[in-house]
Amino acid sequence: MLENTGGAGWQVSPSPAPSTEKHHPCLDNSPNMTEKTGGEAGEVVHDYGGLECYVTGPRRSGGRAVILVSDYYGFRAPKLRQIADKVADSGYYVVVPDLLYGDPYTDDPARPFWVWIMAHSPDEAAEKTKPLIAALKKEGMSSVGIGGYCWGGKVAVELSKTEETQAVKRPIEILGGERDTITPPLVVHQFEHALDQNNRVDHFVKIFPKAPHAFACRYNASDPFAVKTAEEARADMVQWFDGYLKQPGEFQLQ
């Protein structure tokens, strides 16, 4: 979320402090890591800007690439890779980096969430993403968009901030869920109000009715409403990128 910094811009505030509780709401509806989603169209590259990545789509995509940053469960999540494949079908070269370095959250009782999260700073992950962006640009990608889910959204926002003011400076789209208890609609609208005060940053905010936290990437595939909502969120993301990645530039956010 964003908070007013009294002149320095709208800064990313810390996420809720790690808790010693047995279950964190961010971990609701954990993904089925063996789920069959119809196969993967892409492949895993073991060193792309220093990161292991799942890549999909045509490299000759008109110079447009999208980086999708995972939630706590990492870049191997089947639904996340399925989303990447579908975004690639819209004409993008899509890269899903392993910013957790082979250490996704696994519900291991010997290593509770509050211990695990201390080793995975969104700030550090954002820094590790910069060489990937440089590698994409070196390969001819003139525009790169960043999409993030849960923890990955924090990484995306960190990438958007200037060194001088720590303020968001890139076009940004925020898709929230009405039933999200981590970032509820009130907080999302505070974020929106913050962006409204900065007319230099294009932005779009949308709250999906009846949608819980992680509705866009950890939905129940047997629930038609959940599937429809997730598909709508993906379509909104692609539409946002379509509107901005046609223009040369470093990156835009979703």
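Predicted model: local features only at pLDDT ≥ 70, side-chain atom pairs only at ≥ 80, totals over all residues.
Colleague: Why are α3 and α4 called roughly perpendicular to each other?

Modeller: The two helices pack at an angle of about 65°, with their axes 8 Å apart. Angles of 65 to 115 degrees count as roughly perpendicular, and α3 and α4 are therefore described in that way. Their crossing is right-handed.

Colleague: Which residues of α3 and α4 meet?

Modeller: From α3 come P122, D123, A125, A126, T129, K130 and I133, and they meet W151, K154, V155, E158 and L159 in α4. By class, the residues of this contact comprise 7 nonpolar, 1 polar and 4 charged.

Colleague: What makes α4 largely enclosed by the rest of the structure?

Modeller: A residue is buried when its relative accessible area is under 20%. In α4, 8 of the 10 residues are buried, so the helix is largely enclosed by the rest of the structure. The buried residues are W151, G152, V155, A156, V157, E158, L159 and S160.

Colleague: What makes up the largest nonpolar core, and which residues have the most contacts inside it?

Modeller: This core has 33 residues, and Y48, Y72, L136 and W151 have the most contacts inside it. Among the elements that each supply at least two of its residues are the strands β3 (43-48) and β7 (143-148) and the helices α3 (122-138) and α4 (151-160). The most comes from α3, with 6 residues.

Colleague: Leaving aside neighbours within four places in sequence, which residues is Y72 in contact with?

Modeller: With those neighbours left aside, Y72 is in contact with C26, L27, L100, P104, Y105, F113, W116, I117, C150, W151 and K154.

Colleague: Which residues does the second core include?

Modeller: The second core is separate and has 27 residues, including L80, Y149, F208 and F215. In soluble globular proteins, nonpolar side chains tend to be buried together.

How values were computed
Residues numbered from 1 in each chain as written. Heavy atoms only, no water. Core = buried A, V, L, I, M, F, W, Y, C linked by side-chain atoms within 4.5 Å. Buried < 20%, exposed > 50% of the residue type's maximum accessible area, 1.4 Å probe, protein only. Helix = DSSP H or I, 4+ residues; strand = E, 2+ residues; numbered from the N terminus. Contact = heavy atoms within 4.5 Å. Axes fitted to C-alpha atoms, helices over the stretch in contact; angles between N-to-C directions. Parallel < 35°, antiparallel > 145°, perpendicular 65-115°, else oblique. Left-handed = near helix turned anticlockwise from the far one by under 90°. Nonpolar A, V, L, I, M, F, W, Y, C, P; charged D, E, K, R; others polar.
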